[in-house]
Amino acid sequence: EIYTLSLHDALPISLGGESLLFALDISDGAQVRAMVEDVKARFGPINGVIHAAGTVSADAFFGIDQVEPAACERHFHPKVRGLLELQSALKDENLDFWVLTSSLSSILAGLGFASYAASNLFLDAFAAHHGRAGTPYYSINWDAWDFRRPGTVKLTDQGMRPQEGVETLRRMLAAGDLRQLVVSTTELKPRLDRWVYGKTEEAVDESSSTVHERPELSTDFVAPRNETEKRIAAIWSDLLGLDQVGIHDNFFTELGGHSLLATQVVSRIRESFSLEFPVRLLFESPTIGELARSEERRVGK
């Protein structure tokens, strides 16, 4: 069953409270147990858990040819082993709920997302298994988030603002029996058609539906100077919904790009240039100028 949540009017909620920050290895059982005891000593009984550990660093995403146990551990370590240690440390607590922060990648997968999607699929399966009786387990397959400062234009339709995420979580918990929620901030079917069922680009249009003027950025606009830069800029403009993209604009920090959108960029660059394009290259060279220079070096131009 598919539930549609309208988030356009969502507002942030504030319930007050106090935060306590720990720096630890979530997969280390002794450290997790010590943290639990410190929390109980400070606040009393623990009522619920939101497990959101993970990594989104550039070197944690790689092509299928680079998948190996050590590389996969970048995601399995916090998400899988961290969850198991948390459950062990809290096994005697009378919890009201568990919320597992999964990802839309376990539904759509994506280029470079092999181990990331697998670790999130584990969270989904874990919640389904343990939530059959007793303490409710919720798994949320989040879409990408947009953490740009308030008041800036939302450049793509796919980035969820923090207040929208808070409202989504509130509604899921309020629904009670809704134990897995797939969050797609754009129509899910076209994305399934492309990424799961392999329909061609001509049949599935993933371009941004709205075109924005280039916003005020920390970098000055510099137009593409050669054919390579122009072709990459056209791809970015189409997917980001911008009429202009400068060669020094950072895809992630300036333009609001994210890992799921990056997979679409990589796919289109591969098709446009008819060559192999490692996912990590976009993370390592996040501007059009850097990307073009890197690509030209790779092909010997």
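Angles under 35 degrees between axes count as roughly parallel. The legends below describe close-up views of a predicted model.

**View 1. Helix 2 against helix 4.** Helix 2 (residues 69-89) and helix 4 (residues 114-130) have axes that come within 7 Å and cross at roughly 20 degrees. The two helices are therefore roughly parallel to each other. The crossing of helix 2 past helix 4 is right-handed.

**View 2. Residues between helix 2 and helix 4.** From helix 2, the contact takes in Cys72, His75, Phe76, Lys79, Val80, Leu83, Leu84 and Gln87. Helix 4 meets them with Ser115, Tyr116, Ala118, Ser119, Asn120, Phe122, Leu123, Phe126 and His130. By class, ten residues of this contact are nonpolar, six are polar and one is charged.

**View 3. Strand 2 beside strand 3.** Strand 2 (residues 97-103) and strand 3 (residues 137-142) run parallel and are joined by six bridges. Opposite tyrosine 137 in strand 3 stands tryptophan 98.

**View 4. Helix 1 against helix 2.** The axis of helix 1 (residues 29-43) comes within 9 Å of that of helix 2, and the two cross at roughly 50 degrees. This angle makes helix 1 oblique to helix 2. Helix 1 and helix 2 cross in a right-handed sense. Gly29, Val32, Arg33, Met35 and Val36 of helix 1 meet Glu85, Leu86 and Ala89 of helix 2. The residues of this contact comprise five nonpolar, one polar and two charged.

View 5. Over residues 1-13, pLDDT stays under 50. For this stretch the model has 17 contacts beyond four places in sequence. The protein averages a pLDDT of 82, and 84% of the residues score at least 70.

How values were computed
Residues are numbered from 1 along each chain as its sequence is written. This is a predicted model: local features need pLDDT of at least 70, side-chain atom pairs count only at pLDDT 80 or more; totals for chains, interfaces and linings use all residues. Side-chain values use heavy atoms; hydrogens and water are left out. Axes are lines fitted to C-alpha atoms, for helices over the stretch in contact, and angles run from 0 to 180 degrees between N-to-C directions. Helices (H or I, at least four residues) and strands (E, at least two) are DSSP runs, numbered from the N terminus. Angles under 35 degrees count as roughly parallel, over 145 as roughly antiparallel, 65 to 115 as roughly perpendicular and the rest as oblique. A crossing is left-handed if the near helix is turned anticlockwise from the far one by less than a right angle, and right-handed if clockwise. Contact means heavy atoms within 4.5 Å. Ala, Val, Leu, Ile, Met, Phe, Trp, Tyr, Cys and Pro count as nonpolar, Asp, Glu, Lys and Arg as charged, and the others, Gly among them, as polar. pLDDT is the predictor's confidence in each residue, from 0 to 100. Two strands pair if DSSP finds at least two bridges between them.
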